[in-house]
Amino acid sequence: MSDQNAGLTYKGRPLMRKDNMIYYGSMADKYIIMMQILETKVVKDIEVATKVSVQLQQTSPSVRPKDRIVKKTEKNGLYTALDIAVVWLNRALSAK
C-alpha cells in the first residue's frame with residue numbers, strides 16, 4: 001500500500017503502535033483496547049513480545065482516567081493478547 005494515511009488494521013479495526021504501547025480500535029467508538037508490551041525476547045534477530053498487558057478502556061473524556069479501565073489481563077505473546085482484545089472489543093461495542 002502506498003497510501004500513508006490508510007494505517008494498519010486488524011480484523012477491520014485500526015491498530016496503532018507507539019513505542020511499547022499498541023492501541024486497537026477507534027477513539028470515535030465508546031471503547032478501545034490498550035496493549036502494553038511488558039517483556040520481550042530476541043528470536044532470530046527479531047524482538048518478540050513475550051508478556052503483554054491488555055486493557056479494555058472507555059474513550060469518554062468525561063470519565064476519570066483511572067475509572068476508564070473496564071477489564072484488564074496479562075497474556076503471554078502478542079497474538080494471544082490480540083485474540084482477547086478482539087473478543088473484548090467486539091463484545092463491548094455490540095452491547096447496547
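Two strands count as paired if DSSP finds at least two bridges between them, and strands themselves are DSSP runs (E, at least two residues), numbered from the N terminus. With that in hand, let's walk through this structure. It is a predicted model, in which local features need pLDDT of at least 70, side-chain atom pairs count only at pLDDT 80 or more, and totals for chains, interfaces and linings use all residues. Residues are numbered from 1 along each chain as its sequence is written, and side-chain values use heavy atoms, with hydrogens and water left out.

Let's take strand 3 as our guide. On one side of the pairing, strand 3 (residues 21-24) joins strand 2 (residues 13-18) in the antiparallel sense, over 4 bridges. Strand 3 also pairs with strand 4 (residues 31-43), again antiparallel and over 4 bridges. Tyr24 lets you follow both pairings: Leu15 stands opposite Tyr24, and Tyr24 stands opposite Ile33 in strand 4.

Now to the turns. The hairpin of strand 3 and strand 4 has 6 residues between the strands, and there Gly25 takes a positive phi near 115°. The hairpin of strand 2 and strand 3 has 2 residues between the strands. Asp19 lies in that loop and has a positive phi of about 55°, although it is not a glycine.

Asp19 is exposed (over 50% relative accessible area, with a 1.4 Å probe and protein chains only), at 59%.

Lys11 is another residue to look at, in the loop between strand 1 (8-10) and strand 2. Its phi is near 50°, a positive value in a residue other than glycine, and Lys11 is exposed, with a relative accessible area of 59%.

How values were computed:
Buried < 20%, exposed > 50% of the residue type's maximum accessible area, 1.4 Å probe, protein only.
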